[in-house]
Amino acid sequence: MSPAAPSSSSPASASRLLDWRVRFGVLALIWGFSFLFIKVGTEGFAPFQVTFGRLLFGTAVLAVAIVVKRDRLPRGARVWGHLTVAALLLNALPFSLFAYAELTIPSTLAGICNATTPLWGMLLSLVALSEDRPTRVRAAGLGIGFIGVLTVLGAWQGFSGLDVTGTALALLASFSYAVGWIYVRRTLSGTGASNLSLAGSQVGLATLQLAVVTPLFTSVPKSVELVPLLAVVALGALGTGYAMLLQYGVVAEVGPTTAAMVTYFIPVIATAAGVALLDERLTWNTPVGALVVLAGAALTQTRTSRRSTLPAKPARTAVTEPVATSDGTTAHAGVPGIDGTTAPVPVPVPGIDGTTAPVPVPGIDGPPAPVPAHAAASPAPAARD
């Protein structure tokens with residue numbers, strides 16, 4: 001019990017703890033603000049143009065990281081085929097859906113819808129992932145989360161004053177994150193490529209997809225306003241590119257379980273940003289319902305003690321959920337979001353946007369995603385938005 005031992009290790013431990021907490025906070029802020037960036041971006045650009053710009057700048061950041069780290073791109077036509085599908089489900093589709101949704105709904109509601117990604121993931125896992133059987137607690141979480149969604153939407157008022165189309169698009173984006181994360185877990189395990197190269201390749205493929213789609217449905221803007229342009233640049237470079245790199249570091253240092261908790265901060269930050277900076281109206285049922293959604297989502301991510309104590313299970317988990325355990329990232333896709341989205345983010349990332357995408361993702365708008373997203377699923381978020 002020497003007094004010298006604690007004094008010599010304490011400063012380093014404290015510094016390391018502070019370091020990941022700071023990066024965790026920055027990650028939550030970036031993915032939380034992604035919904036505000038989307039809202040501002042759509043004031044000057046068409047939704048597809050916002051999504052294309054987001055993916056383009058996100059790809060640029062990840063490409064630089066791949067070059068600096070001298071990482072190799074994935075190999076094999078089969079891997080690239082799966083990445084193409086993942087790019088659609090975790091990036092191109094949910095990012096576009098959130099952009100269209102925010103034409104008619106506030107960014108606060110979009111951020112809360114992004115938080116439903118774990119609920120969709122839980123529901124889908126009943127069919128798609130036989131090894132991920134539900135428990136009573138997780139089933140209760142699904143029911144609680146559903147009640148939270150109805151509370152946010154004001155079901156007892158007949159959804160009066162709610163734009164049904166915009167809300168449906170945002171919920172569909174979160175559903176896409178959940179589908180994308182399940183697809184990634186079932187098809188991209190054991191590729192031999194790092195999560196950084198997988199995520200960069202996936203976001204690059206999503207950029208190509210939007211490069212084809214955008215000219216077909218939009219025209220070149222007659223004028224470019226500075227604020228919407230800066231919002232799109234920030235959305236891509238920070239929310240889809242830099243946030244994913246931050247998530248890699250956090251996961252490597254404290255593990256995927258702690259890192260995935262960023263998903264639960266995204267809707268809080270998105271709501272605060274929308275109310276404070278965009279003067280969005282906030283009624284009592286929105287924050288209350290959001291808390292219920294987050295509580296339900298948290299319960300759906302619990303695991304039984306039996307799975308953690310059996311000696312054979314850890315090895316199986318490493319195989320079936322490579323995105324959550326390999327190379328220190330939960331968000332192979334982006335981001336979430338992972339707008340947040342967790343997503344890639346991937347998230348289950350979420351995404352987000354935050355999407356956990358390959359973020360967790362979030363999306364990452366959320367997650368996990370990677371995200372995923374924006375952005376921020378299990379455990380994502382991340383990839384999110």
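Visitor: Why is F265 called partly exposed?

Guide: F265 has a relative accessible area of 41%. Buried means under 20%, exposed over 50%, partly exposed in between (1.4 Å probe, protein chains only). The 41% falls in between, so F265 is partly exposed. This is a predicted model, where local features need pLDDT of at least 70, side-chain atom pairs count only at pLDDT 80 or more, and totals for chains, interfaces and linings use all residues. Residues are numbered from 1 along each chain as its sequence is written, and side-chain values use heavy atoms, without hydrogens or water.

Visitor: How many aromatic pairs does the structure hold?

Guide: There are 8. One of them is F24 with F265, with ring centres 5.6 Å apart and planes at 90°. Rings of Phe, Tyr and Trp (its six-membered ring) pair if their centres lie within 6.5 Å; planes under 30 degrees apart count as stacked, over 60 as edge-to-face and the rest as tilted. At 90°, F24 and F265 are therefore edge-to-face.

Visitor: What makes this a link between distant parts of the chain?

Guide: F24 lies in helix α1 (residues 4–41), and F265 in the loop between α10 (256–259) and α11 (266–278). They are 241 residues apart. Helices (H or I, at least four residues) and strands (E, at least two) are DSSP runs, numbered from the N terminus. F24 is buried, because its relative accessible area is 11%.

Visitor: Why is the pair of F48 and F217 called tilted?

Guide: Their ring planes stand at 45°, so neither the stacked nor the edge-to-face range applies. The centres are 5.7 Å apart. F48 sits in helix α2 (residues 47–68) and F217 in helix α8 (residues 195–217), 169 residues apart. F48 counts as buried at 14%. F217, at 60%, counts as exposed.

Visitor: How do you know that the charged end of R54 sits over the ring of F95?

Guide: The charged end is 3.5 Å from the ring centre. The test asks for NZ of Lys or CZ of Arg within 6 Å of the ring centre and within 35 degrees of the ring normal.

Visitor: Why is S174 called buried?

Guide: Its relative accessible area is 0%, so S174 is buried. S174 lies in helix α7 (residues 164–187). Leaving out residues up to four places away in sequence, S174 touches F98, C113, N114, T116, T117 and W120. Contact means heavy atoms within 4.5 Å.

Visitor: What is A206 in contact with, leaving aside neighbours within four places in sequence?

Guide: L55, A87, N91 and A92. A206 is in helix α8. At 0% relative accessible area, A206 is buried.

Visitor: Where is the kink in helix α9 centred?

Guide: On A243, in a helix that covers residues 226–254. The kink is about 35°. The bend at a residue is the angle between axes fitted to the seven residues ending there and the seven starting there. G255 follows α9 with a positive phi near 95°.

Visitor: How many helices and strands are there in the chain?

Guide: 14 helices and 0 strands. Of the chain's 385 residues, 55% count as buried.
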